[in-house]
Amino acid sequence: MIKQKMAVIGLGHMGRHMIHRLLPQYAEKIELVAICDSDESSLHREVAEAEIRPRLYTDYRQLLDEVPLDLVYIAVPPSLHYDVARIAFEKGIHVFCEKPLAGSLTEARSLVGLAEEANVLHAVHFSLPLDPAVLKLQGLLEEQAIGRIQSMDLYLEFPQWPRAWQQNPWITSRQQGGYLLEVGIHWIQMIQQVFGPITHVKSEIEFPSDSNQSESRVQAVLRLHNDIEIRLSGTDEREGEERVSLVVHGEEGTLALENWCNLYRSGKDLDIQPVPVDDVVSPLPILKQIIQMLNGESGLIYDFYDGYNAQVILEALWRPGESFTDVRPQLMGGKAVGIMLTP
């Protein structure tokens, strides 16, 4: 089997996770040939720790110009996503991009067009819909385990932002950071996959007096295509531990996905109790699916259309108003979501 040649651009938390945790699992199928980060000392430190010898760059433009690649993983700050992906598409390179897709909705829309013109694989690193707990939740909903859905609550509540392990120069910036962008977009995209399109958004949002800082408090309502409403509560001043959760209220009970991966169920005659997910087979990680597709097999990914549609909702949340904003004119149809795709 011919190995796919891959580059990692950006050595933040996700870039390090890729080279230390994910890529070693697929060493027989993919070869890490180059890494780029603006911090040269970080480059040498990480490759020494990983005991690998790829080509090292501090300029992604030079890397993309000099190194023959099949796939590039983009894990730089959001403001750079557009330029890195644009160059990769121009060179016919497949792109695996961290979320959000781009630094703005305009850039995201442009990237969708560039991806289609390049006729290469384009994927955003959304994995929450394929987590075992979410797949179990979806199965229970399909079985009508809690009856007809009446409403939902989404909690994005943190005692501080950024979190202690998440320190970097841009994570608190209004342009590139904040918990809505960094965390909320995962849940927005998951909701779009599991429950269908979000069509209307109404939000109240508070920012610190420093105009460079990201949101501090958010109260919003997201309305689905079937008129079910999701109440969103966000803060960076929660007392106690953080809560990142979705609670689904049905006519006959409740399903709660607490702190990403813990599923609970309650009912009229059933006290709240944990729901085991050990029996669920997940197709994760997304990298495995991408490798399958590059080798001509079927794979399950979320593409740039999905990234764009999630960003539509994100940017609507940043525009507060007393009435609902209808985002349907901005949403893209594209390819069907969550299906088996082939390159």
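Start by selecting Trp-260: at 25% relative accessibility it counts as partly exposed, a class lying between buried (under 20% relative accessible area) and exposed (over 50%), with a 1.4 Å probe and protein chains only. The model is predicted, so local features need pLDDT of at least 70 and side-chain atom pairs count only at pLDDT 80 or more, while totals for chains, interfaces and linings use all residues. Residues are numbered from 1 along each chain as its sequence is written, and side-chain values use heavy atoms, with hydrogens and water left out.

**Across to Trp-187**

Rings of Phe, Tyr and Trp (its six-membered ring) pair if their centres lie within 6.5 Å; planes under 30 degrees apart are stacked, over 60 edge-to-face, and the rest tilted. The pair links distant parts of the chain, 73 residues apart: Trp-187 is in helix H7, and Trp-260 is in the loop between strand E12 (253–258) and strand E13 (262–267). Helices (H or I, at least four residues) and strands (E, at least two) are DSSP runs numbered from the N terminus. Is Trp-187 buried or exposed? Trp-187 counts as buried because its relative accessibility is 0%.

Stay in the E12–E13 loop and pick Asn-259. Its phi is near 50 degrees, a positive value in a residue other than glycine. At 33% relative accessibility, Asn-259 counts as partly exposed.

**The ring cluster**

Next, select Phe-158, Trp-161 and Tyr-179, which ring pairs link into a cluster. The structure holds six aromatic pairs. One of them joins Phe-158 and Trp-161 edge-to-face, at 5.2 Å centre to centre and 70 degrees between the planes. Both Phe-158 and Trp-161 are buried.

Step along to Pro-162: a cis peptide bond joins Trp-161 to it, with omega about 5 degrees. Pro-162 sits in the loop between strand E7 (149–157) and H7. Another cis peptide bond joins Leu-284 and Pro-285, again with omega about 5 degrees; look for Pro-285 in the loop between strand E14 (270–274) and helix H8 (286–294).

**Into the core**

Which residues touch the most other members of the largest nonpolar core? Select Leu-64, Leu-156, Trp-187, Phe-195, Leu-246 and Phe-304, out of 116 residues in that core. H7 gives the largest share of this core, ten residues. A nonpolar core is a set of buried Ala, Val, Leu, Ile, Met, Phe, Trp, Tyr and Cys residues joined through side-chain atoms within 4.5 Å.

**Last stop: the largest pocket**

Finally, select Gly-12, His-13, Met-14, Gly-15 and Glu-182, which lie nearest the centre of the largest pocket among its 50 lining residues. On a 1 Å grid over the protein atoms alone, a pocket is an open set of points where a 1.4 Å probe fits, with protein on both sides within 12 Å along at least five of seven lines; lining residues have an atom within 4 Å of a point. Helix H1 (13–22) supplies at least two lining residues, as do helix H2 (40–50) and helix H7 (179–194). The largest share, six residues, comes from H1.
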